[in-house]
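Please look through the sequence and the model shown here, and then follow the explanation below with the structure open beside you.

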Amino acid sequence: MDTAIVEHNAPLAALTSFHIGGPAETLAWPAAQEQLAGYLRSGEVSLILGGGSNLLVSDRGVRGVTLGLAKGFSEIRFTPAPAGIVTAHVQGGAQLGRLVAEAYKRSLSGLEFAMGIPGTVGGALIMNAGARDNEMKDIADSVTVMTPDGKMVEMKKAECGFGYRSSSFPKGSVIVDCALKLKEGVKEEIHIKMRKNQLARKASQPLDLPSAGSVYKNPPGEYAGHLLETAGMKGYTVGGARVAEKHANFIVNLGWARAADVVAVMEEAERRVYSAFGVKLEREIRLAGEF
């Protein structure tokens, strides 16, 4: 069994799409299920780090143990099933972009919507990531998690509680593996859909500066970006954090932003939207560490 990689006072900013935040007191990269179970049973785990794509780490960093999955739990394999269906068996630490590319190489359809979505497959399942009217729940068949007591539990799709940018996996559990159902398709048609989604993403989102993706979930019957724009938040800046001009539901890092800057922008955004519309925005970004 390979040895887990352990780092102390390890910088986390570069491991997040925001490029913001202090160090992890301990950053561990388990290489096997037994090691992962040991860390979870210890009760010292403060943060499960996937791709860091919807995460804001405190300027003070994160105490305790931060578990990274990308180095030891990133295997992808495909097995054919009847009627042109192919099952993708994917470990939770695998990058979603890599899975999209591997599926495309095999002319497998079902992941076109995920083109350009950052992060890991595990994180995408937890958030039920989606775009263009498709979500991870549309292709999920089963998800295997490790609970805080180190036990492996396989959950069928109906047990995962998928909702809008949400799921109901056991608290403190880690997604170790999943089975995703894809379909054999025509490569050229898959490419057209992927390219269309990529261009739409580029046209509507500020991809030129670091961000953590959409800051808020869309309230029922409304778009968070529209509420924020109407409330005058576009361009609002604190320190190095700014509400994007291209899309008001994105906060970008101008290059010198601190986590405190981002939080200050969010608090002002939430205050303005509630004052103008009586709507309490629900954050999609997760905060880690002390704020």
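The largest cavity is lined by Val 215, Tyr 216, Leu 228, Met 233, Val 243, Ala 248, Ile 251, Val 265 and Ala 269. A cavity is found on a 1 Å grid over the protein atoms alone, as a set of points where a 1.4 Å probe fits but cannot get out, and a lining residue has an atom within 4 Å of a point. This is a predicted model, in which local features need pLDDT of at least 70 and side-chain atom pairs count only at pLDDT 80 or more, while totals for chains, interfaces and linings use all residues. Residues are numbered from 1 along each chain as its sequence is written, and side-chain values use heavy atoms, with hydrogens and water left out.

The space in this largest cavity comes to about 40 Å³, where a volume is the space filled by probe spheres set on the grid points, which are joined across faces, edges and corners. Its lining consists of nine nonpolar residues, with no polar and no charged ones; here Ala, Val, Leu, Ile, Met, Phe, Trp, Tyr, Cys and Pro count as nonpolar, Asp, Glu, Lys and Arg as charged, and the others, Gly among them, as polar.

By class, the lining of the second largest cavity has six nonpolar residues, no polar ones and one charged residue.

Helix H2 deserves a separate look. Within H2, Leu 96, Leu 99, Val 100, Glu 102 and Ala 103 are buried, where buried means under 20% relative accessible area, exposed means over 50%, and partly exposed lies in between (1.4 Å probe, protein chains only). Seen down the axis of H2, these buried residues fall within an arc of 165°, so they line one face of the helix; the arc is that of the directions from the helix axis to the C-beta atoms. An α-helix has 3.6 residues a turn, so residues three or four places apart point the same way. The buried residues of H2 pack against strand E6 (76–80), strand E7 (85–91), strand E8 (108–109), helix H3 (121–126), strand E13 (174–184) and H4, with contact meaning heavy atoms within 4.5 Å.

In the loop between H2 and E8 comes Ser 107, which has a positive phi of about 60° although it is not a glycine. Ser 107 is buried, with a relative accessible area of 19%. His 19 also has a positive phi of about 60° without being a glycine, and His 19 lies in the loop between strand E1 (5–11) and strand E2 (23–29). At 46% relative accessibility, His 19 counts as partly exposed.

Strand E13, one of the elements packed against H2, contains Val 174. Val 174 is buried, with a relative accessible area of 1%, and, not counting residues up to four places away in sequence, Val 174 touches Leu 36, Leu 40, Ile 48, Leu 69, Thr 144, Val 145 and Met 146.

The next topic is charge. Side chains of opposite charge can pair when their charged atoms come close. A salt bridge is a side-chain nitrogen of Lys or Arg within 4 Å of a carboxyl oxygen of Asp or Glu, and by this rule the count comes to 16 salt bridges. In one of them the side chains of Asp 59 and Arg 258 meet (3.9 Å, N to O), and this pair links distant parts of the chain, 199 residues apart. Asp 59 is partly exposed, with a relative accessible area of 34%, and Arg 258 counts as partly exposed at 46%. Arg 63 and Glu 290 also meet in a salt bridge (3.2 Å, N to O). Because Arg 63 lies in strand E5 and Glu 290 in the segment after strand E17 (286–288), the pair ties together parts that are 227 residues apart in sequence. Arg 63 counts as exposed at 60% relative accessibility, whereas Glu 290 is partly exposed at 34%. Finally, Glu 135, Lys 137, Asp 138 and Arg 165 are linked in a network of salt bridges.

Terms used. 1 Å grid on protein atoms, 1.4 Å probe; cavity = no way out; pocket = protein on both sides within 12 Å on 5 of 7 lines; lining within 4 Å. Helix = DSSP H or I, 4+ residues; strand = E, 2+ residues; numbered from the N terminus.
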